[in-house]
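Please look over the structure shown below.

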Amino acid sequence: APFLQLAPELPAEVSVAVVSAGPSRPSPPRSRTVTMWLAATALTVALLQLAGSTWPGALAAVPWVLLAAPAALARAPVEPLRLLVERHGVDLCLAALLVAWLPAGLTWLSRRRVFVATAALLVPLAAGAAHLHPPGGDEQYHLIILRSLVQDQDLDLSNNYDLDRHPENAIYVTPVWLHSPLLALLLAPGAALAGRGGALVLMALAAAGLATFLYRLAGTLGFSPSRAAGAVLLTLLSAPVVVFSRQIWTEIPGAFAAVAAAALLLAPQPRPVLAAGAAILATGIKTRLGLVAFAPLATWLLTLLRHRRRVWGVALLLLGAVAAALTLSTTIYGHPLGPIRRFEHLLPRGVRQPLVSLFGLLFDAAAGFAFNAPLWLVALGGLVYMWRRAAAPVRGLLLGGAATLLLLLPSHEWYGGGSPPLRYLTPALPGLALALAALL
């Protein structure tokens, strides 16, 4: 503790004012100081400008100005400047990142390098998210599984709950799986290399893959590259995609699997087996994801039937894939729908709860579209135009999203529990993203 000693030459009564020169530790819940944030952002900005060849551009100096000012103030023992920099330095780092990425991203998109453009933004955001905030909601459960896989090389979670330091994990101590371990298995390589940050980077790469397939599907609808790129940018830079791409939830992998399945079926040489595999994997991650993941294959099969083509092989493939997916879910949870929900929960017991869920999804201040993601309400205006131009697998994305919404309405947990807003409907948004392109 500080110790003060009164000098003999001073009067008997002396007032002492202690003024802080700013925190010496990161501002909770951050795990890095502002100096570290500024250094990491400077490195990222340099890489973006070099890779995109934008360093001679008119805006090239702007991100460096945004970083230089707080870097100078962070070293000044003057209040409240240093404290303000510590508190808001991350915001300036984000602004510098966006200003550096925008010209490079637009250049890459103009060259149809969609994956590079989107990953260049989402990967730094995901890597930083690991040090900005602790895991929320059931993200912690996926991290427990990851810890067991990486540290113990097994799926026995009994020694990974760490209840002494995290007593809140007691809710996850159950004899059944609360979430499928498949997502953790997919993220384990990243977690082994860089912990939670590495797992989040893989989630960001999945979101970049989602954007790439969306761009390709927009091309099948006859949209120009600029309209397709605009829809991709609006999708990635708005909620809920930009939120879930830097947290560990099942929604981004589910949306990626659904869009990948549609793109595989619309390739010059359709790949129904790969599309079925993507749907099986999505269902194994979360049973409800099968609604959007299997819909492209199902609608593609119906189109073949309408044209009276020989489709026995495709029909058997679809039925076998659905059976395999449900068997996988049953093996994991003991029931096809998971550890909690049952088939009777999918049917409404009256009109009140579906109406509450619908109006909540639309207008709830904390979990509704109007206040959290109004862009998608605007996208509804392009549905009819997009439906008329869409091939069967793309229509399947819309039908899968509609089925997800209908089965969500009877649920009391329509808001997604302790998750960011619009969790359950995020896998249904790729269809709306294509409808958005119709309005651009």
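L358 is a residue of helix 13. The model is predicted, and the values given here are computed from it. Helix 13 covers residues 352-363. L358 belongs to a nonpolar patch on the surface, together with V351, L355, F359, F363 and F371. The accessible area of these residues together is about 630 Å². Helix 13 supplies the largest share of the patch, four residues.

The next topic is charge. Side chains of opposite charge can pair when their charged atoms come close. How many salt bridges does the structure hold? There are five. One of them joins the side chains of D162 and R165, with 3.0 Å from N to O. The partners can be described by their accessibility. D162 has a relative accessible area of 26% and is therefore partly exposed, while R165, at 66%, counts as exposed.

Another salt bridge is formed by the side chains of R288 and E251, with an N to O distance of 2.6 Å. This pair links distant parts of the chain, 37 residues apart. R288 sits in the loop between helix 10 (272-285) and helix 11 (290-306), and E251 sits in helix 9. Is E251 buried or exposed? E251 counts as buried, because its relative accessibility is 0% and the limit for buried is under 20%. R288, at 22% relative accessibility, counts as partly exposed.

E251 also takes part in a salt bridge with R423, where the closest N and O atoms are 3.9 Å apart. R423 is in the loop between helix 17 (392-408) and helix 18, and E251 is in helix 9, so this pair ties together parts that are 172 residues apart in sequence. Both R423 and E251 are buried. Through shared partners, the salt bridges join E251, R288 and R423 into one network.

The last topic is the space inside the structure. Rolling a probe the size of a water molecule over the atoms shows where empty space is left. A search of the whole structure finds two cavities of 30 Å³ or more. The largest cavity holds about 40 Å³ of space. Which elements give two or more residues to its lining? They are helix 6 (182-220), helix 9 (251-265) and helix 18 (429-439). The residues that line the largest cavity are L210, L214, T235, V241, I252, A255, T426, L429 and P430. By class, seven of the lining residues are nonpolar, two are polar and none is charged.

The second largest cavity holds about 30 Å³ of space. Its lining is made up of W101, A117, T118, L121, L122, L233, L236 and L237. Helix 4 (114-129) and helix 7 (225-236) are the elements that give two or more residues to this lining. Of these, helix 4 gives the largest share, four residues. The lining of the second largest cavity has seven nonpolar residues, one polar residue and no charged residues.

Definitions and conventions. Residues are numbered from 1 along each chain as its sequence is written. This is a predicted model: local features need pLDDT of at least 70, side-chain atom pairs count only at pLDDT 80 or more; totals for chains, interfaces and linings use all residues. Side-chain values use heavy atoms; hydrogens and water are left out. On a 1 Å grid over the protein atoms alone, a cavity is a set of points where a 1.4 Å probe fits but cannot get out, and a pocket is an open set with protein on both sides within 12 Å along at least five of seven lines; lining residues have an atom within 4 Å of a point. Grid points are joined across faces, edges and corners, and a volume is the space filled by probe spheres set on the points. Ala, Val, Leu, Ile, Met, Phe, Trp, Tyr, Cys and Pro count as nonpolar, Asp, Glu, Lys and Arg as charged, and the others, Gly among them, as polar. Patches are made of residues with over 30% relative accessible area and no salt bridge: like charges are joined within 9 Å, nonpolar side chains (Val, Leu, Ile, Met, Phe, Trp, Tyr) within 5 Å. Accessible areas come from the Shrake-Rupley method with a 1.4 Å probe; for residues, only the protein chains shown count as cover. A salt bridge is a side-chain nitrogen of Lys or Arg within 4 Å of a carboxyl oxygen of Asp or Glu. Buried means under 20% relative accessible area, exposed over 50%, partly exposed in between (1.4 Å probe, protein chains only).
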